[in-house]
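Hi,

Here is the structure I said I would pass on.

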Amino acid sequence: MNKVKIVGASALFLLGFWCLGRAVETSLDRNPNRLGQRETITAGILLGVPATGGGGWLLWDSRRQHQLQEEERLKNTFFQLVKAGRGKITPLRFSMEAQIDGSQAKAYLSDRSMEYDATYQVDVEGNITYCFHLGNLNSQLLRPNRQPTLDPIKEKQLRDTFFRLVKAGRGKITPLRFSIEAQIDGDAAKAYLSDRSAEYDATTQVDLDGNMTYCFHLGEVDSQLLRSMKETTFDVILEAVPSVKQREIVKTVRDLTGLDWKEVKALVRNVPQPIQQGASRQTAEEFRAALEHVGAQVALVLNDRT
């Protein structure tokens, strides 16, 4: 895509400079018998200025997209290395894996160190190792997390990731671990955990290195009794789909249910239809919020079959 933009920008620059050049050349021509002089100057300016401006914008946008892609690549490399190194990473390793020079690697790790309140170790030879606090997790309880696409779904994904990590960490979770699993930056992770801490009256622990761990009280639960409890469940009924919103609703239903496009389109075209059966109240409310956000009409019906 960037190559296409560069080619397009070059073509617009050539057109713009040619038109402006013609306008300048015509304005300098003092031949009184030359026909269409004013029209040529006007056309050159009207075509040349937008073409040159469009070429400049395409070059700027291409550069910006490249920078965003590079930032995303560096962030993913950083998260992978921190996770693989159990919190520890060296500038040389990051430089090798990210294919950047040493000064860039040191600057990037220094910025991340400030963002995540990391510490560092220096050996007898002066080599630096950055130490990021991941916290203790039961890795068997962790599963891959899907990237959300819509705002209501994003909120659900962040909440699900938070609950999953708190459960895996037996109530304990760190900003860096949440940032890695939720694929958000450090400031957003800290803000989210701070909000949840206030919501659930959590406490915090700070170790000798200044690393913070949020501690959420899960309580003692008899798992056998928990499984035997009967939960009130609901069916989510898609009642009406405005034609102008059909495409957005189809995409949202697919994101929520995981069905293929053909099944989702058939379901949306034949409303009212249940799109989720036997869902918990929380899940049902999330489905309704996501669908109403894109213009659908949804009803929640108590499921008596549970």
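Let me start with a spot in a loop: Asp201 sits in the stretch between α7 and β5 (203-206). Keep in mind that this is a predicted model. Asp201 isn't a glycine, yet its phi is positive, about 55 degrees. Most residues other than glycine have a negative phi. Asp201 also counts as exposed, at 69% relative accessibility.

Arg170 is another one to click on. Its phi is near 55 degrees, again a positive value in a residue other than glycine. You'll find Arg170 in the loop between α5 and β4 (172-173), and it is exposed, with a relative accessible area of 71%. There's also Gln183, which comes after α6 and has a positive phi near 55 degrees.

Now for the overall picture. The chain has 11 helices and nine strands. It runs to 306 residues, of which 36% count as buried. If you take the contacts between residues at least 6 apart in sequence, 64% of them join residues at least 24 apart.

How do α6 and α7 cross? Helix α6 covers residues 175-182 and helix α7 residues 186-199; their axes come within 9 Å and cross at roughly 115 degrees. The two are therefore roughly perpendicular to each other, and α6 passes α7 in a right-handed crossing. On the α6 side the contact uses Pro175, Phe178 and Ser179, which meet Gly186, Ala189, Lys190, Tyr192 and Leu193 of α7. Sorted by class, that contact has five nonpolar, two polar and one charged residues.

Eight of its eight residues are buried, so α6 is largely enclosed by the rest of the structure. The list takes in Arg177 and Glu181, along with Pro175, Leu176, Phe178, Ser179, Ile180 and Ala182.

Then go to α3 (residues 91-98) and α4. Their axes come within 9 Å and cross at roughly 115 degrees, and α3 and α4 are therefore roughly perpendicular to each other. This crossing is right-handed. Here Pro91, Phe94 and Ser95 from α3 meet Gly102, Ala105, Lys106, Tyr108 and Leu109 from α4. By class, the contact of α3 with α4 has five nonpolar, two polar and one charged residues.

**Aromatic rings**

How many aromatic pairs does the structure hold? There are 12. One of them is Phe78 with Tyr116, a stacked pair at 6.3 Å centre to centre, with 15 degrees between the planes. Phe78 belongs to helix α2 (residues 37-84) and Tyr116 to the loop between α4 (102-115) and β2 (119-122), so the pair ties together parts that are 38 residues apart in sequence. Are these two buried or exposed? Both Phe78 and Tyr116 are buried.

Another pair is Phe162 with Phe216, and this one is edge-to-face: 5.1 Å centre to centre and 80 degrees between the planes. It links distant parts of the chain, with Phe162 in helix α5 (residues 151-168) and Phe216 in the loop between β6 (212-215) and α8 (223-228), 54 residues apart. Phe162 and Phe216 are both buried.

Phe78, Phe79, Phe94, Tyr108, Tyr116 and Phe132 form one aromatic cluster.

**Two more residues**

Lys156 is found in helix α5. With a relative accessible area of 19%, Lys156 is buried, because the cut-off is under 20%. Lys156 and Thr283 are 127 residues apart in sequence, but 8.9 Å apart in space, C-alpha to C-alpha.

Finally, Thr213 has its place in strand β6. Thr213 counts as buried at 9% relative accessibility. Which residues does Thr213 touch? Leaving out residues up to four places away in sequence, Thr213 touches His133, Lys172, Ile173, Thr174, Thr203, Thr204 and Gln205.

Happy to go through any of this with you.

Cheers

Technical notes:
Residues numbered from 1 in each chain as written. Predicted model: local features only at pLDDT ≥ 70, side-chain atom pairs only at ≥ 80, totals over all residues. Heavy atoms only, no water. Axes fitted to C-alpha atoms, helices over the stretch in contact; angles between N-to-C directions. Helix = DSSP H or I, 4+ residues; strand = E, 2+ residues; numbered from the N terminus. Parallel < 35°, antiparallel > 145°, perpendicular 65-115°, else oblique. Left-handed = near helix turned anticlockwise from the far one by under 90°. Contact = heavy atoms within 4.5 Å. Nonpolar A, V, L, I, M, F, W, Y, C, P; charged D, E, K, R; others polar. Phe/Tyr/Trp six-rings, centres within 6.5 Å; stacked < 30°, edge-to-face > 60°. Buried < 20%, exposed > 50% of the residue type's maximum accessible area, 1.4 Å probe, protein only.
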